[in-house]
Amino acid sequence: MDFITLGHDCQVAAELKRRGIYPQELTNEIGFKHIRGLIMMMESNCERFLNWDTLEIVGDYDSLDTVVVEDVQTGVFDAHNFPSNAPIEVIFEAFNACREPLKPAFMQALREQEFLQITRTNRNLETIDEIVRLHDAIYTLRDGKKFDLYVFQDSKFMRKDWGIENLHTFWCQHWKWK
């Protein structure tokens, strides 16, 4: 059984590892800010993902002395790997070099793994409609292969079983990573 974490950030992968579950390394170091970007990536076969013209430095990650690089079109970001004192061209080249191999590997895992467990923790309080759209995008890509999508969010509607096969929603309180 394989796990893929679809963010919001690296906390999910870190917590799974702490509990002895090791998700695929595909997405452990990057975050997916919003479901819209995830769906956009999947529907475009990752063509609309990590393109030079959509990369921006959106802030500093002070505790690591790194910058946060984001694909502002999809909301994919990385806060761990790029020193804040490096020139912007070097940062973008490094971001692209380490993330470019992710595109085919990500799509291959979504399409071809026999049984896939997918986790998502929403920080942006996404709607059930957005969550169902993510489920449906994964369902389409999986083409009949088994998967489970586990979504955690601090919204009361997450306590409900929506009766959608393969979709499991859970209410959890928002936490701060320390």
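Tutor: The crossing formed by helices H2 and H5 is left-handed. This is a predicted model, and the description that follows should be read accordingly. H2 covers residues 35-43 and H5 covers residues 128-142; their axes approach within 10 Å and cross at roughly 20°. Because angles under 35 degrees count as roughly parallel, H2 is described as roughly parallel to H5.

On the H2 side, the contact is made by Ile35, Arg36, Leu38, Ile39, Met42 and Glu43. Facing them in H5 are Glu130, Ile131, Arg133, Leu134, Ala137, Ile138 and Leu141. By residue class, this contact of H2 with H5 comprises nine nonpolar and four charged residues, with no polar ones.

H5 also carries histidine 135. What is the relative accessible area of histidine 135? The value is 5%, and since buried means under 20%, histidine 135 is classed as buried. Setting aside neighbours within four places in sequence, the residues in contact with histidine 135 are Phe147, Leu149, Ile164, Glu165, Asn166 and Leu167. For one of these, leucine 149, the C-alpha atom lies 7.0 Å from that of histidine 135, although the two residues are 14 apart in sequence.

The strands E7 and E8 can be considered next through their aromatic residues. Strand E7 spans residues 146-153 and contains tyrosine 150, while strand E8 spans residues 167-171 and contains phenylalanine 170. The count of aromatic pairs comes to three. In one of them, tyrosine 150 and phenylalanine 170 are stacked, with 6.3 Å from centre to centre and 25° between the planes. This pair joins distant parts of the chain, its members being 20 residues apart.

Phenylalanine 170 also pairs with phenylalanine 152: the ring centres are 5.0 Å apart and the planes stand at 20°, so this pair is stacked as well. Phenylalanine 152 belongs to E7 and phenylalanine 170 to E8, so the pair ties together parts that are 18 residues apart in sequence.

How values were computed:
Residues numbered from 1 in each chain as written. Predicted model: local features only at pLDDT ≥ 70, side-chain atom pairs only at ≥ 80, totals over all residues. Heavy atoms only, no water. Axes fitted to C-alpha atoms, helices over the stretch in contact; angles between N-to-C directions. Helix = DSSP H or I, 4+ residues; strand = E, 2+ residues; numbered from the N terminus. Parallel < 35°, antiparallel > 145°, perpendicular 65-115°, else oblique. Left-handed = near helix turned anticlockwise from the far one by under 90°. Contact = heavy atoms within 4.5 Å. Nonpolar A, V, L, I, M, F, W, Y, C, P; charged D, E, K, R; others polar. Phe/Tyr/Trp six-rings, centres within 6.5 Å; stacked < 30°, edge-to-face > 60°. Buried < 20%, exposed > 50% of the residue type's maximum accessible area, 1.4 Å probe, protein only.
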